[in-house]
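Student: I have a model open and would like to learn how to read its features. Where do we start?

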Amino acid sequence: CPFKVIFVGDGPEREKLEAYCKTKDSENKFIFFAGNQSEVQNYYKASKMLVHASIAGEGLPTVMLEAMAFGKPMVVTDSKVGPREILGDNEYGLLSKLKDPEDMAKKIYRLLSDNSLYEYYSKKGYERLEDFKPNKVSEQLNDFLSNLI
């Protein structure tokens with residue numbers, strides 16, 4: 001397997017996930033748990049893509065914006081809030097169905113096996129990131145407030 005999976009961060013399901021992964025990766029060669037990290041930029045630089053699975057949604061999942069800043073395409077679950085607002089309808093990254101690991105796996109495979117699709121989403125992420133820069137958000141907020149008055 002040329003790829004490795006690194007879980008960065010922590011959560012209440014970590015122990016259960018680690019135990020499950022040990023049953024699938026008996027020699028622990030391909031799956032790693034880095035835990036919480038204060039300087040994640042090196043993980044982004046070394047990564048091929050972001051895979052983010054969240055059921056509840058996070059409002060503004062900054063991990064997606066951080067990955068875009070490093071030119072990383074992504075596969076993200078289409079949770080209630082957040083991912084669709086950032087990615088559109090697969091315009092800036094691939095959305096996978098909630099609680100559907102097969103759908104997520106297919107989309108990961110698509111990005112890994114199609115270089116032009118990979119490059120497309122890498123570039124589209126940079127484009128989308130522009131909408132979240134402070135000056136752009138400030139303009140949008142001023143427009144919104146002006147329309148209220």
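Tutor: Start with Asp89, which counts as exposed because its relative accessibility is 59%. Buried means under 20% relative accessible area, exposed over 50%, and partly exposed in between (1.4 Å probe, protein chains only). This is a predicted model: local features need pLDDT of at least 70, side-chain atom pairs count only at pLDDT 80 or more, and totals for chains, interfaces and linings use all residues. Residues are numbered from 1 along each chain as its sequence is written, and side-chain values use heavy atoms, with hydrogens and water left out.

Student: Which side chain does Asp89 meet in a salt bridge?

Tutor: Side chains of opposite charge can pair when their charged atoms come close. The rule here asks for a side-chain nitrogen of Lys or Arg within 4 Å of a carboxyl oxygen of Asp or Glu. Asp89 meets Arg84, at 3.4 Å from N to O. Arg84 is partly exposed, with a relative accessible area of 36%.

Student: Which residues do salt bridges with shared partners join into one network?

Tutor: Asp10, Arg14 and Glu18. Arg14 bridges to Asp10 at 3.3 Å, N to O. Arg14 also bridges to Glu18, with the closest N and O atoms 2.8 Å apart. Glu18 and Arg14 both lie in helix 1 (residues 14–24), four residues apart, about one turn of the helix. Helices are DSSP runs of H or I with at least four residues, strands are E runs of at least two, and both are numbered from the N terminus.

Student: How many aromatic pairs does a search of the whole structure find?

Tutor: Three. A pair of aromatic rings is described by the distance of the centres and the angle of the planes. Rings of Phe, Tyr and Trp (its six-membered ring) pair if their centres lie within 6.5 Å; planes under 30 degrees apart are stacked, over 60 edge-to-face, the rest tilted. Phe7 and Phe33 are stacked, 4.8 Å centre to centre with 10° between the planes. Phe7 is in strand 1 (residues 5–8) and Phe33 in strand 2 (residues 31–35), 26 residues apart. Tyr120 and Tyr121 have ring centres 5.1 Å apart and planes at 75°, so that pair is edge-to-face.

Student: Are the residues of strand 4 buried or exposed?

Tutor: Buried. Met74 and Val76 point one way from strand 4 (residues 74–77), Val75 and Thr77 the other way. Strands pair if DSSP finds at least two bridges between them. Three bridges join strand 4 to strand 3 (residues 50–52), and the two run parallel. Strand 4 also pairs with strand 5 (residues 94–96) in the parallel sense, over three bridges.
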